[in-house]
Amino acid sequence: MTEVHIPSLLLESAIYLGAAVLAVPVFRRIGLGSVLGYLFAGIVIGPWGLSLVADTESVMHFSEFGVVMMLFLIGLEIEPDKLMTLRMPIFGMGGLQVVITAALVYAAGIAFGLEWRLSLVVGMGVAMSSTAIAMQMLAEQGALNRPSGRSAFSVLLFQDLAVIPIMILLLVIAPGAHTAHGVHMDWLAILKAVSLVVLLVLGGQYLLRPVLRYVANTGLREIFIAFALFLIIGVSILMTLVGLSMALGAFIAGVLLADSEYRQELELDIEPFKGLLLGLFFISVGMSVNLDLVLQQPGLVIGLALGFVLFKLLLLFGLAKAFKLDNAGGLMFAVTLSQIGEFAFVIFGAALDAKVIRYEHGALLNSVVAVSMVTTPLLLLGIHAVYRRRLQQRRKDGRHDEFDQERPVIVAGFGRVGQVITRLLTSVGVEPTVIEHDPNQIELMRGFGYRAYYGDITRPDVLRAAGIAHAKLLILAIDDAEEALETARYVREYYPDVKILARARNRTYAFDYMDLGIDCVRETFLSAVHLGEKALREMGYSPFDAYGKAWRFRQGDEKMMRDVHPIHTDMQQVVSYTVRARQDLQRTLMRETEEAAANPGHNAWEGQNTSS
């Protein structure tokens, strides 16, 4: 009987996917979050667990592209002019965080008698936070667009910008590195890095769109996806060659395409790859936890990890208050950045190669970094538990301890959209059941007299507790477009009698809802039409004419959405139909304008006829 040989890559892929599929749903179901599930899966299958996979380092290098893709997608959401508004948090808050953290840890190391080079390396490593963990946590908490989320992102971006000076400093402090040749090479590295960034900006401005247009014209989605991946990987390789962060290069590429017509398609194509690779990154972090070292010196490893996390928590919260974040936002900001980041692995590895630190120091520090990463999901769970307890203690009358399942309307999300809907419903005597997953938002709105319940609407048990089986209407007003869509699919399948209304982020999501037979409203469409109506009035149109044209435009656009829906996956047909529909609408509105000009005597909204 011949021996069957299974390729190692195929076998390891099955192990990673199986571990994720087994661990992550369980951790999500019991409320511990997906990140902790991935970390636990990595610890179990890693070299210090069941030893199912041994090559941790190569896995982490590959999985870092998950972080790279995440930064590319974040860049797609930030147009260059919006990025300029973040310059103060980036260079102010981010610069202070890196410098103060490194300086204080360095001073503490010297005070404890450590060698100065080791103290400096530890300080620079501790100053880093994990982009992958922080951004994932902010996304899961729906905090990316809040002040705490924007501040955290700014600090993480500065840390990426600090890559090259840190690497140069490691070369400078290396034993025997103080030569004219070494200094010349450092300046050359800086020149290469700056030149590459300038080249990326110029290339993105003048070359990317024509190339994307050429690729899109092939009509082959797989080629478009291939080019998107080639773009991200190519930029990452170029950044690595000049000593810069791969994630920084991907972010720059994303920003350059943020206002392009291909942004939406790029987001949809990259998102699945980002999710898988990011999960693989968290698994590789779990695999890197040296359990032997932790078991041999548990007090030292865990003590250092907790000490660094506590120190960063206090420092980051102080920075948040100095930059005018409120207590809740400052706490979220501090917790999401309190761990030591993945770039610390790179710093410690480079320091080891340059003989700045010894091997035993590197092994200890890497274990401390991995343990510190585990603390972030646990800290967030603790914070939410405290908030839930506070909310329960403040319910004096006991009416809100459980959902009122008799209410006919459930509003999911108590942000900007959910608040307006709730105000309208309550003003006519309809009391909805409002569910919100952010305890800070619940606390804030309770001060205004509104009642909301803490819960994650994407969980079936929360939906059942809210009374979905007896409800007549579910209004999806949560900010996370994917979670809203998944919730709609679940309710449509298991509770088909419940009417669903949803906010759609854009046309793509609107078509997804239309596929399910769900009524939706695009987030910015109605407000944009209303602003357009005001613009017409400013241009001399009467209130009646401006309202009529805005109404006709809205009706035409909604008809176009219904007509395009059956063909929305064929971009060429969509473009052709949209151009024709726009021209037809323009002719109709122009004809009405000419007819109104020919009969100027009637002033409809003033209720008078000037020709009489």
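Start in this predicted model by selecting I475 and L501: I475 stands opposite L501 of strand β5. Now widen the selection to the two strands. β4 covers residues 473-476 and β5 covers residues 499-504; they run parallel and are joined by four bridges.

Move on to R522 and F525. R522 lies over the face of F525, at 4.1 Å from the ring centre.

Now turn to the aromatic rings. How many aromatic pairs does a search of the whole structure find? It finds six. Select Y490, Y494 and Y495 together; these residues form one aromatic cluster.

Then go to F227 and F230. Their rings form a tilted pair, with 6.4 Å centre to centre and 40 degrees between the planes. Both residues belong to helix α12, residues 221-241. They are three residues apart, so about one helical turn separates them.

Finish by colouring this pair by accessibility. Is F230 buried or exposed? F230 counts as exposed, because its relative accessibility is 59%, over the 50% cut-off. F227 has 15% relative accessibility and therefore counts as buried, the limit being under 20%.

Conventions: Residues numbered from 1 in each chain as written. Predicted model: local features only at pLDDT ≥ 70, side-chain atom pairs only at ≥ 80, totals over all residues. Heavy atoms only, no water. Pairing = 2+ DSSP bridges. Phe/Tyr/Trp six-rings, centres within 6.5 Å; stacked < 30°, edge-to-face > 60°. Buried < 20%, exposed > 50% of the residue type's maximum accessible area, 1.4 Å probe, protein only. Lys NZ or Arg CZ within 6 Å of the ring centre and 35° of its normal.
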